[in-house]
Amino acid sequence: MPDLWEPYRTRREGRHRLTSVEITVSNWCNLRCRHCAVGDSLVAQEPDRLPLDLILRRLDEVEGLLTLSLTGGELSGSLAALRSFVLPLLQYARDRGLKTQVNTNLTFELGRYELIAPYVDVFHITWNYRDVEHFHRTVWGHGRQDVSPAASEVLYTRIVENARALAAQGCFVSAESMVNRETAGHLGRMNRFLAELGCRRHEVHPMYPSDWAADLPVLPLDEFREAVRRLLAERDPDLWVLFGTFPFFPCSPLPEDQEILAAVRKAPNVTVRNCPDGRNRLNIDAFSGDVRVTDFAAVPPLGNIRADRLEDVFERWQRHPRFAPFNCYCPEAGCTGPNLLVAEMYYPGVDFRTRRAAPVTA
């Protein structure tokens with residue numbers, strides 16, 4: 001499958017275009033993962049969602065829309081919401097010819113996922129777990145410490161069985177792992193396990209210091225490079241590895257950065273995705289109507305669908321001072337600059353507009 005979420009593909013006439021929308025359809029989750037990027041927004045009881053017709057009208061206004069992603073929270077937690085809200089959104093996308101992704105933890109019965117499967121192009125799951133014991137320690141990292149290892153094992157097993165079953169039915173299952181101190185030395189084994197499940201893609205991202213994860217130590221870049229080298233050496237070569245929000249850039253003056261970029265370029269079945277957030281994608285909160293550059297960055301809402309067209313909100317972000325230092329583009333490298341969180345986490349104060357991609361060597 002070509003990566004339709006890649007913003008480089010949709011840049012036209014020297015500027016980014018809004019071609020992707022993400023909708024937060026749930027703020028409830030049955031897990032409390034230590035690494036959760038939206039943990040602070042999770043609630044025990046959800047308010048009413050905005051009328052579906054309003055959301056669809058705003059989507060209709062985005063003429064160049066290509067992809068639709070649904071995220072949470074856990075969107076499969078309520079069967080009623082799955083049928084009355086999630087499914088109609090996915091059917092709308094299919095009727096319009098959009099590619100779709102749903103972010104889910106796969107911890108409920110398989111039938112919930114089979115209900116939406118005909119309309120889903122990518123089932124996106126999180127896989128930051130080395131084994132069942134590590135799963136238990138990770139998913140109850142904030143509250144719920146009373147959950148027993150046996151109860152955790154039931155959920156762990158259901159994720160594994162559901163992922164395997166959906167993959168066997170021909171669904172595209174993509175698993176995301178975050179590189180942190182808990183996972184950096186184990187990515188190769190995690191990758192091979194995902195390949196055994198039938199996953200078609202393994203996304204690898206930095207650990208974002210956001211929300212509940214804000215107090216987790218940031219992995220230094222030298223350790224990140226070593227984690228990438230080890231993954232490339234130990235992975236299953238038949239499983240597509242996609243590095244997202246990769247913290248190394250073709251404009252880097254450091255030889256070690258150029259070396260790791262060269263290793264990634266040469267590795268078969270490995271790609272790097274430029275960050276979609278704010279470059280071709282916006283996030284809509286289905287409850288409040290707020291529109292943000294992403295569902296978890298600490299940037300106030302840029303608008304609200306009750307009053308604003310999404311194209312207008314997108315233009316506001318293009319002019320936003322927070323975006324300016326990394327609103328850059330090197331066509332010779334196909335690079336559209338760093339992710340907001342990566343830039344502020346690893347490169348504070350750097351104006352990427354002043355840098356240019358180094359020549360690519362064979």
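Ser152 is buried, with a relative accessible area of 0%, where buried means under 20% relative accessible area, exposed over 50% and partly exposed in between, for a 1.4 Å probe and protein chains only. The model is a predicted one, in which local features need pLDDT of at least 70, side-chain atom pairs count only at pLDDT 80 or more, and totals for chains, interfaces and linings use all residues. Residues are numbered from 1 along each chain as its sequence is written, and side-chain values use heavy atoms, with hydrogens and water left out. Ser152 is found in helix 5 (residues 149-168); helices (H or I, at least four residues) and strands (E, at least two) are DSSP runs, numbered from the N terminus. When its neighbours within four places in sequence are left aside, Ser152 is in contact (heavy atoms within 4.5 Å) with Phe135, His136, Trp140 and Val147.

Two packed helices are described by the angle between their axes and the distance between the axes. The axes of helix 5 and helix 6 come within 8 Å and cross at roughly 55°, the axes being lines fitted to C-alpha atoms, for helices over the stretch in contact, with angles that run from 0 to 180 degrees between N-to-C directions. Helix 5 and helix 6 are therefore oblique to each other, since angles under 35 degrees count as roughly parallel, over 145 as roughly antiparallel, 65 to 115 as roughly perpendicular and the rest as oblique. In this contact, Tyr156, Val160, Ala163, Arg164 and Ala167 of helix 5 meet Phe193, Glu196 and Leu197 of helix 6.

The axes of helix 6 (residues 187-197) and helix 7 (residues 221-234) also come within 8 Å, and they cross at roughly 40°; helix 6 and helix 7 are therefore oblique to each other. On the side of helix 6 the contact involves Leu187, Gly188, Asn191 and Arg192, and on the side of helix 7 Ala227, Leu231 and Glu234.

Strand 2 (residues 67-71) is mostly covered, as five of its five residues are buried. In a regular strand the side chains alternate between the two faces of the sheet. Thr67, Ser69 and Thr71 point one way from strand 2, whereas Leu68 and Leu70 point the other way. Strand 2 pairs in the parallel sense with strand 1 (residues 20-24) over five bridges, two strands being paired if DSSP finds at least two bridges between them, and the bridge partner of Ile23 in strand 2 is Leu70. Strand 2 also pairs in the parallel sense with strand 3 (residues 99-103), over four bridges, and here Ser69 stands opposite Gln101 of strand 3.
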